[in-house]
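Have the viewer open as you read.

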Amino acid sequence: MKVAVIGASGLVGSHLIEASRDRGWDNIGTYHQFPQPELLPLDIRNSQEVSDLLSNFQPNAIFLPAFCSNVDRCEKYPEETAQINVEGSLNVARVAKPLGAKLVFYSSDYVFNGTAGPYAETDSPNPICVYGKQKLAVEQQIQTFLETALILRITVVYGNEAQGKNFVNRLIKTLQNGETIRVPCDQIGSPTLVNDIAEASLRLVEANASGIFHVVGSDVMSRYDFALEIARIFDLPADKIIPITTPELKQAAPRPLLAGMTRDRVISTLSWQLRGVKEGLEYLKQERSKVSNMV
Ligand SMILES: NC(=O)c1ccc[n+]([C@@H]2O[C@H](COP(=O)([O-])OP(=O)(O)OC[C@H]3O[C@@H](n4cnc5c(N)ncnc54)[C@H](OP(=O)(O)O)[C@@H]3O)[C@@H](O)[C@H]2O)c1
């Protein structure tokens with residue numbers, strides 16, 4: 001199997017590279033602004049570069065986690081971010097078609113409005129922020145011309161990453177420094193270990209699955225409850241975690257509050273399941289203990 005990971009310098013992409021390497025698959029990965037060893041530079045806004053890179057490598061599958069995933073940035077700069085998120089994603093999708101490669105696009109529970117989560121694949125999307133609208137636009141366009149594509153909706157992803165920007169990393173660092181952190185108690189989601197997202201992605205490609213899958217861990221909880229669980233497992237002071245409501249955070253983009261997703265489809269397709277929060281965090285703690293400068 002030959003796979004290309006577009007956006008391999010990010011949280012999900014780096015684990016896709018690792019998991020495909022563990023499978024013995026031939027792979028290439030790309031970065032944009034964050035160079036990493038062995039990765040190739042690529043800006044998905046440049047359709048010629050995208051076409052040259054993928055046509056030369058001739059992958060069987062193209063994983064596409066590349067996106068401007070900063071939700072507030074998308075709200076503030078809708079046109080600039082659409083160049084990456086919509087046009088860039090479609091540049092990759094358009095090349096996948098003639099190559100006959102399976103495209104795996106990563107979407108989000110932000111395609112829902114957050115009034116009735118956790119959501120199933122059959123629920124109607126109705127995004128309330130620019131990021132969610134961009135995700136839905138790509139989902140819909142891909143489905144019109146790439147019937148074999150996989151659309152994996154993920155959310156609240158955590159795990160080890162070179163850029164250290166995911167919620168668990170930031171929370172641990174803040175609490176280790178003895179600082180307080182304000183965490184929303186009204187944003188409900190499904191925290192998911194990134195290693196499990198990578199494994200599910202590869203298994204779905206091996207199963208030649210297509211269409212929309214919600215790829216999430218077993219627990220649906222608020223950010224605040226998730227933060228308390230992180231503090232408990234990593235032996236950090238929970239009293240430094242201050243619950244706050246989303247309006248108090250004054251974020252640029254509205255958030256779907258009652259979100260999160262159900263995962264019956266991925267479990268029944270793969271006869272395999274992703275870990276819940278306790279198991280996922282314990283795995284992460286073990287992984288971090290192997291690296292000298294981490295918890
Ligand atoms: N993390 C979450 O909790 C979460 C939740 C729901 C959905 N998702 C979605 O899942 C996907 C992966 O998330 P993630 O957390 O791994 O994101 P991430 O860590 O922010 O990684 C994004 C990747 O996209 C690349 N990229 C950005 N602009 C690019 C451009 N113009 N051309 C080519 N590559 C570009 C980045 O490269 P550089 O870093 O080198 O610039 C990076 O490799 C994204 O689509 C995200 O929206 C994530």
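## A charge over a ring

Arg 223 sits over the face of Phe 167, 5.1 Å from the ring centre. Arg 23 does likewise with Trp 25, at 5.8 Å from the ring centre. To count as over a ring, NZ of Lys or CZ of Arg has to be within 6 Å of the ring centre and within 35 degrees of the ring normal.

A word on the ground rules: this is a predicted model, so local features need pLDDT of at least 70 and side-chain atom pairs pLDDT 80 or more, while totals for chains, interfaces and linings use all residues. Numbering starts from 1 along each chain as its sequence is written, and side-chain values use heavy atoms, with hydrogens and water left out.

## Rings meeting rings

Searching the whole structure turns up 6 aromatic pairs. Take Tyr 158 and Phe 226: the ring centres are 5.4 Å apart and the planes are at 55°, so this pair is tilted. Rings of Phe, Tyr and Trp (its six-membered ring) pair if their centres lie within 6.5 Å; planes under 30 degrees apart are stacked, over 60 edge-to-face, and the rest tilted. Tyr 158 belongs to strand 7 (residues 157-158) and Phe 226 to helix 8 (residues 223-233), so the pair ties together parts 68 residues apart in sequence. Helices (H or I, at least four residues) and strands (E, at least two) are DSSP runs numbered from the N terminus.

Buried means under 20% relative accessible area, exposed over 50%, and partly exposed in between (1.4 Å probe, protein chains only). Elsewhere, Phe 67, Phe 105, Tyr 110 and Tyr 131 make up one aromatic cluster.

## The second largest pocket

The second largest pocket has a volume of about 420 Å³. Of its 21 lining residues, Ala 8, Ser 14, His 15, Glu 18 and Gln 36 are the closest to the centre. On a 1 Å grid over the protein atoms alone, a pocket is an open set of points where a 1.4 Å probe fits, with protein on both sides within 12 Å along at least five of seven lines; lining residues have an atom within 4 Å of a point. The volume is the space filled by probe spheres set on the points, which are joined across faces, edges and corners.

Helix 1 (11-22) and helix 11 (277-289) each supply at least two lining residues, and helix 1 gives the most, with 5 residues. The lining splits into 8 nonpolar, 8 polar and 5 charged residues. Here Ala, Val, Leu, Ile, Met, Phe, Trp, Tyr, Cys and Pro are nonpolar, Asp, Glu, Lys and Arg charged, and the others, Gly among them, polar.

Most residues other than glycine have a negative phi, and most peptide bonds are trans. Against that background, the bond from Gly 117 to Pro 118 is cis, with omega near 0°. Pro 118 is in the loop between strand 5 (102-108) and helix 5.

Val 156 has a positive phi, near 40°, in the loop between strand 6 (150-154) and strand 7, and is buried at 15% relative accessible area. Ser 271 also has a positive phi, near 50°. Ser 271 lies in the loop between helix 10 (264-270) and helix 11, and counts as exposed at 69% relative accessibility.
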